[in-house]
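Here is a friendly briefing to read alongside the model. Please keep the structure open as you go through the points.

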Amino acid sequence: MLVPVKRKIVDVLEGKTVTPPPLWLMRQAGRYLPEYRATRQKAGGFLDLCYTPDLAVEVTLQPIRRYSFDAAILFSDILVIPDALDRNVRFTPGEGPQMDPIDEASIYSLKADGTLAHLSPVLETVKRLRQELPSETALLGFCGAPWTVATYMIAGHGTPDQAPARLFGYRNRQALEHLLAFLAEISAEYLIAQIDAGADAVQIFDSWAGVLGEAEFEAFAVKPVARMIEIVRSKRPNARIIAFAKGAGMNLRQYRQKTGADAIGLDWSVPLSFAAELQKDGPVQGNLDPMRVVAGGQSLEDGIDAILQVLGNGPLIFNLGHGITPEADPDNVAKLVNRVRGLG
């Protein structure tokens, strides 16, 4: 009889305190690693890397081989959803992601048919990762939150403050809410498919939640994510879900309760005193400033120690407050891992 493997991050997501806390890093498979850069060159375009299971599995495993993180996160991108919706997504070197901007008429003509079929290579990657990862390593799936994905769909590219999407919301509220509801439905089905393929937990990235005012945060960030989680849980009641609303600040106070997320991710601007309040209601994830990994030395050690001192006695998944940057020194990441684990 097979004994179910308990993975540390799943324990934390169930509300347990694990010492030392399990850790993984957002964008842990990325350009700071020379082996990633070598694989990236083989792929051609960025989406080719996301949609080629052999290569996506390889880059996902690279940081696990180096650092033995407690979780691997599927290598993909939040914009595979608009790509599956035929929005002509492309990644131009030096310019970032671009796609055909969506207008009101196009929002109402969006069809979900074939979305999961388009994403089948990603789901194949998830299946293969669960087979190839060490048994003790959790596998995380993910997707973008409806608001963040919508900001790219409306502007056609990234912007510093997402003014195009915010203006669209003020001028075309009904159309934006329709788009967010549509994205919530198909994104939830995508997460369910990842869970069925072998993901132990999933994370919802709302990278642009911080540009929203209080009322808009409730309508555009909370409501769609709550709907996603409701759909996932209605079909997979034991699903474990992390919600990361970057820059949400005080809006995080009730974010977990309103969305139904098991854990909330915290960016580096969240004061540790506030993080400790949030942790009283359940697991938190974060929240080291990625620049400390670039700086290294005492600043890296101090940042790690402060988080462990304040949050280490409760349910914590140690992580960065956003993705690791290409400038990070791989040796500093090794020092981070060792210090969190009490090895140096």
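## Helix 10 and its two sides

In helix 10 (163-171), the buried residues are Ala165, Phe168 and Gly169, where buried means under 20% relative accessible area, exposed over 50% and partly exposed in between, with a 1.4 Å probe and protein chains only. These residues cover an arc of only 100° around the axis, which puts them on the same side of helix 10; the arc is that of the directions from the helix axis to the C-beta atoms. Please note that this is a predicted model, in which local features need pLDDT of at least 70 and side-chain atom pairs count only at pLDDT 80 or more, while totals for chains, interfaces and linings use all residues. Residues are numbered from 1 along each chain as its sequence is written, and side-chain values use heavy atoms, with hydrogens and water left out. Helices (H or I, at least four residues) and strands (E, at least two) are DSSP runs, numbered from the N terminus.

**More on helix 10**

- Tyr170 and Arg171 are exposed, on the face of helix 10 turned away from its buried side.
- Helix 6 (104-108), helix 9 and helix 11 pack against the buried residues of helix 10, with contact meaning heavy atoms within 4.5 Å.
- Gln162 sits in the loop between helix 9 (146-155) and helix 10.
- Gln162 has a positive phi of about 55°, although it is not a glycine.
- With a relative accessibility of 0%, Gln162 counts as buried.

**Helix 8**

- Helix 8 covers residues 120-132, and its 13 residues should span 18 Å at 1.5 Å a residue; the end C-alpha atoms are 18 Å apart, which agrees.
- The expected span used here is 1.5 Å times one less than the number of residues in the helix.
- Val122, Leu123, Thr125, Val126, Leu129 and Arg130 are the buried residues to look for in helix 8.
- Viewed down the axis of helix 8, the buried residues fall within an arc of 150°, so they line one face of the helix.
- The cover over these buried residues of helix 8 includes helix 3 (46-51), helix 4 (53-67), helix 7 (115-118), strand 4 (138-144) and helix 11 (173-197).

**Helix 14**

- Helix 14 spans residues 272-279, and Phe274, Ala275, Leu278 and Gln279 are buried in it.
- Down the axis of helix 14, these buried residues fall within an arc of 145°, so they line one face of the helix.
- Packing against the buried residues of helix 14 are helix 13 (255-259), strand 7 (263-265), strand 8, helix 16 (297-311) and strand 9 (316-320).

**Helix 2 against helix 4**

- Two packed helices are described by the angle between their axes and the distance between the axes.
- For helix 2 (residues 34-43) and helix 4, the packing angle is about 175° and the axes are 10 Å apart.
- Axes are lines fitted to C-alpha atoms, for helices over the stretch in contact, and angles run from 0 to 180 degrees between N-to-C directions.
- Helix 2 and helix 4 are therefore roughly antiparallel to each other; angles under 35 degrees count as roughly parallel, over 145 as roughly antiparallel, 65 to 115 as roughly perpendicular and the rest as oblique.
- On the helix 2 side, Pro34, Glu35, Tyr36, Thr39 and Ala43 meet Leu55, Glu58, Val59, Gln62 and Arg66 of helix 4.
- The residues of this contact divide into 5 nonpolar, 2 polar and 3 charged, where Ala, Val, Leu, Ile, Met, Phe, Trp, Tyr, Cys and Pro count as nonpolar, Asp, Glu, Lys and Arg as charged, and the others, Gly among them, as polar.

**Backbone points to check**

- The peptide bond from Thr19 to Pro20 is cis, and its omega is near -10°.
- Pro20 belongs to the loop between helix 1 (8-13) and helix 2.
- Gly286 and Asn287 are also joined by a cis peptide bond, with omega about -15°, and Asn287 lies in strand 8 (residues 284-288).
- Asn88, a residue other than glycine, has a positive phi near 60°.
- Asn88 is in the loop between helix 5 (80-84) and strand 2 (90-92), and at 41% relative accessibility Asn88 counts as partly exposed.

- Leu110, in the loop between helix 6 and helix 7, is buried with a relative accessible area of 11%.
- Leaving aside neighbours within four places in sequence, Leu110 is in contact with Leu85, Arg87, Ile102, Met153, Leu179 and Phe182.
- Leu110 and Arg87 are 23 residues apart in sequence and 10.0 Å apart in space, C-alpha to C-alpha.
- Asn332 is part of helix 17 (residues 330-340) and counts as buried at 7% relative accessibility.
- Apart from neighbours within four places in sequence, Asn332 is in contact with Val293, Val294, Ala295, Gly296 and Leu300.
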